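Trainee: Could we go through this structure together? I am new to it and would like to begin with a single residue.

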Amino acid sequence: MSNAESPASAATDLRRLAGALVGAEPLNWVITGDSITHGLVHTQGGRSYPEHLQELIRGELERVRDIVVNSAVSGHRIVDILDDWERRISSWRPDVVTLMIGTNDMSTGGPREVIPPEQYAASLREFTTRVRALGAIPVLQTPPPIDVRNAPERARIAEFAEAVRAVAASEDVILVDQLAVMLELGGGAVPWGLMNDAFHPNGTGHAALALALADALGIRPANSRTIALLEGRVAAARA
């Protein structure tokens with residue numbers, strides 16, 4: 001994907017992506033993160049949000065030569081991605097890299113060290129710098145909501161989500177504020193119709209994540225059956 005515009009910014013990235021989506025050259029998409037993006041167990045057999053994104057890109061946009069890779073790993077933190085950079089990111093020669101991480105980074109339980117939001121933010125900055133060095137478009141997403149009463153070890157959700165927002169603003173990269181979207185769907189609280197447990201979205205929650213990501217990236221095919229289906233599922237869960 002051409003990177004003729006400089007310096008890189010969220011606005012120029014969105015223009016590059018819009019131009020690439022109507023062009024003939026195939027794109028490589030890398031979707032990475034932790035268990036939420038990995039999509040295991042909690043979708044209960046339904047599609048995860050990366051799978052919905054692939055349906056929109058390779059199906060409805062008919063970009064059949066595009067490749068969508070999900071390199072997320074359950075239980076991982078941002079440092080795990082940075083430490084395994086070649087396999088998780090660079091070997092795929094990405095044009096777009098989306099990241100949703102932080103649910104494990106914020107945890108104060110378990111065997112791993114407790115890290116402050118500032119350390120997490122520094123790793124996010126390194127991530128965006130590395131993605132841009134590859135000539136790819138970075139996309140940051142805040143983690144979805146957490147029921148702190150049942151997951152007190154992840155009570156720092158607001159601080160870590162704010163760190164994502166701050167990095168996106170300072171590095172001028174595309175931001176998908178999934179936490180804000182999901183809380184709005186829940187009327188300001190954890191949207192239980194979209195969750196499988198205290199911090200993993202269910203299949204319908206993944207539909208909501210996919211819609212927010214597709215909206216942010218301008219992936220809205222005309223008369224999209226997939227978009228209509230996802231919107232219908234989310235609306236029904238809120239009823």
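Trainee: Is Ser107 buried or exposed?

Mentor: Please keep in mind that this is a predicted model. Ser107 has 5% relative accessibility, and buried means under 20%, so Ser107 counts as buried.

Trainee: Where is Ser107 found?

Mentor: Ser107 belongs to the loop that runs between strand E3 (96-100) and helix H6 (117-133).

Trainee: And which residues is Ser107 in contact with, leaving aside neighbours within four places in sequence?

Mentor: With those neighbours set aside, the contacts of Ser107 are Arg77, Val114, Glu153, Arg154 and Arg156.

Trainee: Let us turn to aromatic rings. How many aromatic pairs are there?

Mentor: The count is two aromatic pairs. One of them is formed by Trp85 and Phe127, in an edge-to-face arrangement, with 5.6 Å centre to centre and 80° between the planes.

Trainee: Which parts of the chain does that pair link?

Mentor: Trp85 is in helix H5 (residues 85-88) and Phe127 is in helix H6, so the pair links distant parts of the chain, 42 residues apart.

Trainee: Are Trp85 and Phe127 buried or exposed?

Mentor: Trp85 counts as buried at 12% relative accessibility, and Phe127 counts as buried at 0%.

Trainee: What about Tyr120 and Phe160, and why is that pair tilted?

Mentor: The ring centres of Tyr120 and Phe160 are 4.8 Å apart and the planes are at 45°, so the pair is tilted. Tyr120 lies in helix H6 and Phe160 in helix H7 (residues 157-171), so this pair ties together parts 40 residues apart in sequence. Both Tyr120 and Phe160 are buried.

Trainee: Going back to Trp85, which residue lies over its face?

Mentor: That is Arg130, at 5.2 Å from the ring centre of Trp85.

Trainee: One last topic: where is Asn202 found?

Mentor: Asn202 is in the loop between helix H8 (178-185) and helix H9 (203-217). At 10% relative accessibility, Asn202 counts as buried.

Trainee: Which residues does Asn202 touch, not counting those up to four places away in sequence?

Mentor: Asn202 touches His42, Thr43, Gly193, Leu194, Met195 and Asn196. Moreover, Asn202 and Gly46 are 156 residues apart in sequence, while their C-alpha atoms are 8.3 Å apart in space.

Notes: Residues are numbered from 1 along each chain as its sequence is written. This is a predicted model: local features need pLDDT of at least 70, side-chain atom pairs count only at pLDDT 80 or more; totals for chains, interfaces and linings use all residues. Side-chain values use heavy atoms; hydrogens and water are left out. Helices (H or I, at least four residues) and strands (E, at least two) are DSSP runs, numbered from the N terminus. Buried means under 20% relative accessible area, exposed over 50%, partly exposed in between (1.4 Å probe, protein chains only). Contact means heavy atoms within 4.5 Å. Rings of Phe, Tyr and Trp (its six-membered ring) pair if their centres lie within 6.5 Å; planes under 30 degrees apart count as stacked, over 60 as edge-to-face and the rest as tilted. A charge sits over a ring if NZ of Lys or CZ of Arg is within 6 Å of the ring centre and within 35 degrees of the ring normal.
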